[in-house]
Structure formats: C-alpha cells, structure tokens
Amino acid sequence: MLLRTSFVSCALALLGMAGAAQAADEEASFSRRGADQCIGCHSDWDPPLMGIFQTPHGNPHDARSPFGEQQLQCEACHGPGGAHTGRVPRGEPRPPIINFGSDAWTPVPQQNAMCLDCHQGHVGEQWAGSTHDINTVACADCHSLHPPSDPMLSKDSQPAACYSCHANVKSDFLKPSAHPVRQGKLACTDCHQPHGSNNEGLLVRSNLNETCYSCHTEKRGPLVWEHAPVVEDCSICHDPHGAVHPAMLTRRAPLLCQSCHTPSGHPSVPYGSGDLAGGAASPFVLSGSCLNCHTQVHGSNHPSGKALMR
Amino acid sequence: MNGNRTLKVIVAALLGAGGAASPAALAQQMPDFEQWACRFCPFSEPGVTGDAGASVLNVSDESARFGDYTGLDEDGVYGNADADLTYRTEGGYAVAVDARNLGLDSREIELRAGRQGHWVVDLSWDELPRRLDDSGRTVYDGLGSNRLTLPGGWVRGNFASDFTALDANLRDLTLGWDRRSAGLGLEVVQSERLRYEADWTRQTKRGRGLTWGNFLGVAQELARPLDYQTDEVDAALVYAGTSWNVRVGYYGSFFSNKDTALTWDNPFNGPDQGRMAMSPDNRHHQGQLSGAYRFATWDTTLNASYARGRMEQTDTLLQYTVNPSIMAQPLPLDEFDGRADTTHANLRLTSRPVERLLLSAEYRYSERDNESGQYDWATVQADSLQTLSFVNPVYSFENRDLSLTADYRFSRMLQGAAGWQRKVRERDYQNVDRNDEDVYWGRLRFRPMEQLSLSFRGESGTRDATDYQAIPGTGAGAEQNPLLRKYYQADRDRDLVQVQADFTPAARGSLSLRYENARDRYDESAVGLVSADYDQISAEGTVQVWKSLVMTAYFSRDNYDSFAVGAASFVTPNTAPPNWAARTEDRHDVQGVALNWPGLVDGKLDLRADWMRADTTGDIGILNALAGAASPFPTLKSELTGTELVADWHLNPRWSLNLGWRWEKYSADDWAKDGVGPATIGNMLTFGTETLDYDVNVFLLGFRYNFVREEAE
C-alpha cells in the first residue's frame, strides 16, 4: 500500500512538471501486464536487473515490498509505465519512465522522494536538509537495488561508494596510522549516518566524542582529572580517518603538546635532532615523548593524577 | 481502507494535473492485478541460495604489522572459509548466514532469521585482532597482569647504564589485544506504521597495551593489562505516519575493567613501586526522541531530535601513593561521584518554495554538564613527592550552532548553493570561556556538457575568542606563558577551496580530478600554533581497455604544513618572549592501478590485479633563536607497496577454483624508535621496539560452491 502511495506521489510531482493534463493522463496509466511486460524487454539488460528478486525489494511475502501482493512491481519505483510500454508512433522516442542516479533525467529530489515515501520511517527521518540532501545526492548514487546484494551494505565494498565523492578519505585510510577500513574490518557507516543525523559529520551518535566512545568506552569517564581538549573534542589531537603520525595524531609529539603547554622548564624548550638516539637521547623526544611521564593523557582517575602521571 | 486511500491519492494526482474524473474512471487507473501475474518473475524459491568457499593460505613471513587487523601475523599455513548463504522456506521465512575469515583471528559471522516485513532476529560475532608490536624486549615479569615485577637479582641504578642485570633478563615481548563482539538484535514490524528495534552488543578487549610508568626524573615502558567489557543496548520504537514519523529510543553503555590499577617495580633508584590508575568502570544512559513532520505546503519538512543522557563513574579510588615513606593523607571520599549530564537537541526546517529552490535552517544544541564533585586532593607526584593540594576542575561544554542554507538549480547545467553558519562554544575552567565563529560558504556546480561536471566550493570562517585568561589553581611552576593561545580556543581565520571536475567522455571511461586547499591562520597567537595548511590533489581515471577489461588508475597527494612558535624559559613563571619556532611538513602520496578482467575463456575465468603504493614523509625543522638554527630532524618516512593477483576459474555453474597472490612490503624510518635500545635513554628503560618493517607474500588456493538453481546450470 505504502508503495502505491509512493509512486502516485512521485507521479504527482512529475505531472506537475509536465503541466499538461493530457500528458498527465497518459503518464498516470499503468502497463497492461506489470513486471511481465518489463521483463519481456529488460531481462537481459546490462547491467542485469533480475537480481532484484533475491533482494528484499523482490520479496513477494512482504506486503511492503514492490512485489508484495497487489503492489505495483517495477512501476512502484519507476512510475506508471503505460506510455513507456505502449505503442509508440513511428519516429518518436519511447516515453521514458522514472529512472535513478545523478545522470538520470528524473530530478534527484523526485527520485529520492520516491524512495523516501516507503523508507521515511526507516532511513529518512533525518534526511531532509541533511548534508547529502543539500548536496543533491541521489539514493541511487550509493545504493544499487537490482544486484542480488547491494554493495553499500557490505563492509568490503561500501567504502568505494563513499570514495567516489570523498576521494581525500580514500588516501587517509592508507596512512601509516588509520582505522581498519582498508582491511575491511570497519565500514564508513560504523561511524557515519549518511541518511542524516543531528550533528556535524553525520555521525551515528550524538556528537564526535560519543561516537568514539562506542569503541573506546574506557575514555568516557567522567574522571577525577580530565584533560580538557580530550573531553571537548577528540579531533583536536586525532584525525580519525588516518594520520601520518602514530595513534592518528595530527602532529608529532612533543610539538603537538607544546602547542598548548608552555610552563617554564622542559615543556617550553625546543628539541632538535641533537636529542635523538645518536646524541643526547632525550626522553622528551624519544619513545613516548611527553607521554613517557604524562602517560594518562586521556585523563586520570588517580587521586594523584593531576599532572596525568598516575 | 487501503483502497480508499489509494483512490484519494489518485484523485489528488489527477486534480493536480488539472483534470477531474468520476470515481469509476479513477478506479480504472489502477492496474488490473489479474493481468499482473508476474509469471516471469524469478522469485527466490524455497531452498538454499548463495555461495560458500574454503581456502588455504600460506603466509611467507611473520609480521605483527601485516597481521594487525588481519590476523595473518604468523608465517605458515592458514585454513580459511567464508559463506554468504540464505535458506528460504515457504511463506517468506528465511535464515541467512554471512561469514568471513572463519579460519583467521579476524573472523566474523552474522546469522539472521525471520520473515521479512514481520520480524528478524540477528546474531553476530566479530573479532578484531590488534597486533601492536612484536619487536620489544622487557625484563618485567607478570606481563598481562596488573602487577609487574622485576626479576630476582635485578640491580638498580641512577641510570639505565647502571642496569648490569639488564641483558641477562631481557625477554621477547608482544603487545596487542583481541577485540571480540557478540551481538543480538531483534526487529519486529507490528504494522505498516509501527516497528520495534532492539540491539544488544557485548564487546570484550583482552591483551596487553603500551603505557609508561615514571618516578621523578625516570621512566619506563610498561605493558598494561587490558581486560575490558562493554555492553551496549540500543532500543527504539518507530512510528511512521503518512506525513510524520517519530522515534523513541534508549541507548545504554556499560563499561567494566577488571584492572583498576597497574603496580610496577621501579628499576631505578628511588621509590620501590609505583601505581597508576587504569580506566574505571563507567555507565551511560541516554533517552532519545526524534521525529519529522512533512507539510503539504512547499514540500516542507520539520525535523527535530532531543536526547538527554547521563554518564556516571563511581569507581573506588586508589590511595594517593604506594610509597610507604610518604605519610598517607586521607582521601576526601572513597568513591568518586563522577557524573556528567548530556543534552543534545536539533531542529531543522527544510522547504522548497519553488521546485528549483531548497531552503534549510538548522539549530543544534549540545551540552556536557559535568556535575562531578570537586575536592581538595593532597596529590603525591609520581609516588615520590608530596605536593600542594589541588581542586579538580570539572569541565563543562555548551555548543550552539545555527545554520542557513539555500540551494538553487538554475538549470540542468547550473546549480548554486550558499550558506552561513554561526558556531558558539562555551567552556568553563579554561583559558577561553567562549568562541564565536561565523562561517560563510558557497558552491557552484556547472555542467557545460553532458560529459563534464565541474564543482567549486569556497568557505571562509572567522572565529573570535573572548579574553584569554589564566586558569586559577594551576599550581606554582605550571603557569602557561601569557602569550600562549591554545589553537582550539584561539582566534582563527579559516579559508577553504575545493574544486572537482568529473569527465565522462564515453561509457568506456571516466576521469575525476579534485583539489582542496584549507588554510588556518592564528594571527593573534604570539606563542602556540600560528598556521596550519592542508592541500590535496587527486585524480582517478577508469577506462574500458578492451572488451570486459577495465583499468582504474588513481593518484593523490596530501600536504600538511604547520608553523608553531615557542617561548622557552627556565624562570618561573615563564614570561619569555617568543624565541623559537617549529615548521612541520607532512606529505602523503598514494598511487595505484587496478585491472578487472572478468569473463575470459568463454566466461570461465575472472582475473583481477591491483597495485598500490602509499608513501609518507614528515619533516620537522626547528628555528631556534636561542642557539642558532638547529639541524632539522631526520625525515620521518614510511613506504607501503602492495600487489594482488586473483584468478577465479569457474569449473561449472556450481564450482569455481580460486587462486591468489598478495605481496605487501612496508618500511619506515622513525627517529623516535630508530637506534633506541632498552637502555639508550639514560633515565628510561624501554622495550627497544623498532619500526615494524615487513615483506610478506600470501598465496591462496581455494574453491567456492555456488548454490544455483538447476535450470541455471
């Protein structure tokens, strides 16, 4: 039922564009035989379309599916196909149906409206006005409905879809210190909610730190002695997509720490190549640098942890 | 009822098109479902579909870094298996299993059962192997426990060179852990409108991590025990009406750590033992309410969300010190009353007053209100020295964002967007109470021809800070230089430019070029980070070389440059003028080629080949006005090269043979590790770890069975 409502809503939008009642009447008519008629021409289409019958959209036992009982089959998404499947006068092009993707003739908002009419309560709750909506991303830019499995739903293949727009992130995951997206153990959607969320970066939890805490729960606290930038925003020191420096730090210690710490004595002093193993072998530079002593850089629950040393 | 609603919608559609029709005529618009038999639809039939495979891998060399996340850290032979299977019965019931890497420490398996559109139960298991390091050596006993002891006969000293028993007691050490997650999920679709979701996940993390212990003036690398358990619960009720939807949810996180402390022997002269706190148990509860309402006018949507949570931590506190020579002071309380209340709210209005124009306004609110107690703590520094008492600051934050966006599609060829954002950040107990940032941005998409798409985006932001103030109660000797401005609080100008071109000259190929440049300027900062620049250029091209042979090549370069100014002084407090500076230049180059050639030999052979190279360099130069220009640090380097060849030979529609070869080589230069043995640093005892260079070949031989219908054969 929902699907029927969906297609008609989209048809309504398209009819509005056409502006002619007669054309609208023609576009509003369905094909005579439904999917059987579509399959007659498109069964050997490239890319293959018939894989959809192995997906949730092609499940006849789900009343919500386009192929559920008395649903509109192919025309649930592609709109009424009466004109498209009907007789076409010689020399005239076959009237198109609703098609999907950024290169499709159907405007992206109308494409997405078609999807959202069924998926509003599932993924569309925060879609309107979200980053991807504002940037006119089509659902079909990421999702493929006709293959037996949607690559977007696999940890292995999902990043490739995201990289097509976020090319800079692809190289981030090849940096020496990075989350294991390259190894297929983490997907973009483990941290991001591409259908919209109520925070910057389309994160899955309420903000950046709460997203990080999902896996790094031990850092949640609250602790007796907190390190202020840690509880404010993890990205003040870390680049979560990957970094040149260990622990995904944006810069190398001690310089990263010295950007904010200048008390007299060792925190304020410049260190150089003379402090390396062949020279003074300074603990302020080698091994963990500042962390050699201030090891509890994420905060301490020790009564004597004020300087984050315990 | 359903039919009536359908009819109403159809009426609306036709009226919208300018016509009126009788109900009888309207009813004829619906298809004749008797003719819509879907006789040619190849619905999934009862039985098993999908594929399963088994393979044998031979790993040429042992490497912790290569095995990090993959589980292939040991050399030798691994058996492996994976499956993607679905078993369907009559009536729409199905059980599906998705399993990967079953023979490796990175195994994962998901089992789903249910009836689509009615209910689904989901069981999952996921392992993530971290292989941090296998190059270290240590003298400590009790590795993996919360008590690290020195071997009998250990000879202490003032310096690492005094450790005469060091060499005789060093033993190999591995650092790493296994993260394992078990999940159970349930989704029940009660009706077309109403559904329930519940997910529970238990995650454990067990192994050994790296930490450092210290006493005044000396330090040592230590293995900290990891025995964490986290339970997460997500539950929600979702109702989707015709023009509105609402979600009511709960999120709970419960973390426990079996080790509350790590105690270790001091290898140097001084206190015998030290003890540091490990991460305490914590809990987080959050209630969530969100929803959307879609107005009929102007395709307008109002989204709103509200989440209120509480984070708690009430672990029993350790004593100030384990040093018996320091008189124990009473703790102000036995269990810390850590509590932070969080509030997150969001309101967004989106509208299309005309079809080509999208307007959006959004307000976001986020607060962390730290309600933890504040006490006088008689801290003992590094189990060595009784210091003054200090009061713990309780950091709270409040963020308020307001943004306005307009997007207009002039034509299929041209689309423009612009926006403004105001960000307010408020803090307490910090140098800057409040930041106000205004960000303006614009974007233009130009499609001069069907094959070419150009996109330009520019952004400019100015962040202002309130007066920079000293933090009270810092303690003698710890005051910051008054000229310092911490970069995440300081006045800042940020400019960003992005340009992208996508060219698709024909269906046989495409080319995408992208450039981004971001500049941060902290002109009001006399000391601290004063500039940070980032630029990236990337290109990716795909071409159908011949028949089904497709080649993809890509390249990218990232540059990160920053400049920081310091003020060195040994006089307390530090009021020195700026007297040194550091320039950091990081580079990251990536290039690769991928070939995909399916359907060879009458469709029996699929070939795939990948080559990839990722290089990084990091240069740090110190401009030292105190002692003249110091020599720069040696360049930090890493080089990663990978090649992979995969061949799948389809013996018949059911069976295929899989052959693969993967080669990966990694090498690095890192001055923080290079040449640093256990006793190289005079006042430190380290593991002497090295950069984890590797050169590994992996050979794969396997087969795959495809569950296909008989007619497909």
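Student: Hi! Which way do S6(B) and strand S11 of chain B pair, parallel or antiparallel?
Tutor: Hello! S6(B) and strand S11, which covers residues 261-265 of chain B, pair in the parallel sense, over two bridges. Keep in mind that this is a predicted model.

Student: What holds paired strands together in general?
Tutor: Strands of a sheet pair through backbone hydrogen bonds, and the pairing can be parallel or antiparallel.

Student: Zooming out, how many helices and strands does chain B have?
Tutor: Chain B has five helices and 32 strands. Its C-alpha atoms fill a box of roughly 95 × 60 × 50 Å along the principal axes.

Student: And how much of chain B is buried?
Tutor: Of its 713 residues, 30% count as buried. As for contacts in chain B with a separation of 6 or more, 61% are between residues 24 or more positions apart.

Student: What radius of gyration does chain A have?
Tutor: Chain A has 28 Å, whereas a compact globule of 310 residues would have a value near 19 Å. The C-alpha trace of chain A spans about 90 × 40 × 35 Å along its principal axes.

Student: How much of chain A is buried, then?
Tutor: The buried share is 56% of the 310 residues of chain A. Taking contacts in chain A between residues at least 6 apart in sequence, 52% join residues at least 24 apart.

Student: Can we look at one helix? How many residues does H6 of chain A have?
Tutor: Helix H6 has 12 residues, 108-119 of chain A. From its first C-alpha to its last it reaches 16 Å, close to the 16 Å expected at 1.5 Å a residue.

Student: Is H6(A) mostly covered or mostly open?
Tutor: H6(A) is mostly covered, with nine of its 12 residues buried. Among them are Val108(A), Met114(A), Cys115(A) and Leu116(A), and also Asp117(A).

Student: New topic: how many residues of chain A are in contact with chain B?
Tutor: 112 residues of chain A are in contact with 161 residues of chain B. The elements of chain A that give two or more residues to this side include helix H1 (2-18), helix H2 (21-27) and helix H3 (35-42).

Student: Which helix gives the largest share?
Tutor: H1(A) does, with eight residues. By type, the side of chain A that touches chain B divides into 49 nonpolar, 45 polar and 18 charged residues.

Student: What pLDDT does chain A average?
Tutor: The average for chain A is 87, and 91% of the residues score at least 70. However, over residues 1-27 of chain A the pLDDT is below 50, although this stretch has 68 contacts in the model beyond near neighbours in sequence. Where pLDDT is low, the predicted coordinates should not be read in detail.

Student: Good to know. Where are the cis peptide bonds you mentioned wanting to show me?
Tutor: One runs from Ala253(A) to Pro254(A), with omega near 10 degrees, and Pro254(A) sits in the loop between H12 and H13 of chain A. Another runs from Thr572(B) to Pro573(B), with omega near -5 degrees. Pro573(B) is in the loop between strand S26 (549-566) and strand S27 (580-599) of chain B.

Student: Why look at those bonds at all?
Tutor: Because most peptide bonds are trans, and likewise most residues other than glycine have a negative phi.

Student: What is phi near for Gln70(A)?
Tutor: Phi of Gln70(A) is near 55 degrees, a positive value in a residue other than glycine. Gln70(A) lies in the loop between H3 and helix H4 (74-78) of chain A.

Student: And Lys547(B), is this residue exposed or buried?
Tutor: Lys547(B) counts as exposed, because it has 10 C-beta neighbours inside 10 Å and the cut-off for exposed is 12 or fewer. Its phi is also positive, near 50 degrees, and Lys547(B) is found in the loop between strand S25 (528-546) and S26 of chain B.

Notes. Residues numbered from 1 in each chain as written. Chains lettered and ligands numbered in written order. Predicted model: local features only at pLDDT ≥ 70, side-chain atom pairs only at ≥ 80, totals over all residues. Helix = DSSP H or I, 4+ residues; strand = E, 2+ residues; numbered from the N terminus. Buried ≥ 20, exposed ≤ 12 C-beta atoms within 10 Å, placed from the backbone. Contact = placed C-beta atoms within 7 Å. Rg over C-alpha atoms; globule rule 2.2 N^0.38 Å. Nonpolar A, V, L, I, M, F, W, Y, C, P; charged D, E, K, R; others polar. Expected span 1.5 Å × (residues − 1). Pairing = 2+ DSSP bridges. pLDDT = per-residue confidence, 0-100.
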